[in-house]
Amino acid sequence: FESVRNWVQQYLFKSPRLSVDEDIKEENVEVPEQEALIVVSNRLPFVLKKNPLTGVVERKSSAGGLVTAVAPVVVQCKGKWVGWTGNFYGPNEEPDYIPEADINDKTPTAGIKADQIVPVYYDKTHFNNYYNGCCNGAFWPLFHSMPDRAVFSVDHWQDYVAVNKLFSEKTLEAIHGVREGNPTVTPLVWIHDYHLMLAGNT
């Protein structure tokens with residue numbers, strides 16, 4: 001995890017393509033002083049759960065290598081994270097707001113502010129077809145050398161395409177959000193894993 005974090009930090013803060021030559025300086029052309037990382041993953045680095053005693057929505061940090069390695073970089077470069085909240089909402093239900101981290105939270109995601117989160121919402125049917133059907137049923141066996149176990153379905157594929165389009169729209173929203181805060185920043189967008197293979201060119 002440390003090696004992944006170091007690579008991302010080096011790319012964002014020490015990349016040769018961010019160097020400024022003297023000609024640009026003389027022409028007073030604005031160049032980015034620092035890049036912002038936008039992580040796009042199936043799930044956010046935490047899930048939202050209601051406290052059964054208070055009814056208040058709370059953040060519960062997710063486990064895993066991606067969160068451990070990359071969340072501190074998102075904090076450091078004031079980037080954004082695009083992903084699903086882990087909850088489903090009916091057509092007449094208002095999605096839960098994104099709360100700030102608890103003051104006693106010491107996990108890697110604690111430093112990510114609510115306004116750095118771009119939540120993605122979809123219903124249970126879309127999720128089952130996209131995630132359980134297409135990703136787990138077809139892609140996972142194919143990418144793990146077990147093509148005989150892959151199950152293909154037109155419905156699953158159509159929802160995979162639809163969900164990827166939704167993620168691409170939310171990613172554009174995140175890019176605009178970063179640029180509004182600082183027009184000189186050039187975001188690096190990292191779309192993670194085979195769940196979102198179409199999001200980059202949808």
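**Inside and outside**

Author: Buried residues, meaning those under 20% relative accessible area with a 1.4 Å probe and protein chains only, make up 40% of the 202 residues in the protein chain. This is a predicted model, where local features need pLDDT of at least 70, side-chain atom pairs count only at pLDDT 80 or more, and totals for chains, interfaces and linings use all residues. Residues are numbered from 1 along each chain as its sequence is written, and side-chain values use heavy atoms, leaving out hydrogens and water.

Reader: OK, how many helices and strands?

Author: Five helices and six strands, taken as DSSP runs (H or I, at least four residues; E, at least two) and numbered from the N terminus. The order is α-α-β-β-β-α-β-β-α-α-β.

Reader: Which residues touch the most other members of the largest nonpolar core?

Author: V82, Y122, Y130 and F167, out of 22 residues. A core here is a set of buried Ala, Val, Leu, Ile, Met, Phe, Trp, Tyr and Cys residues joined through side-chain atoms within 4.5 Å.

Reader: And which elements supply it?

Author: β1 (36-43), β4 (80-84), β5 (117-120), α4 and α5 each give at least two residues. There's also a second, separate core of 20 residues, including V67 and I98.

Reader: Switching to the surface: is F152 buried or exposed?

Author: Exposed, because its relative accessibility is 61% and the cut-off is over 50%. F152 sits in the loop between α4 (124-143) and α5 (154-181).
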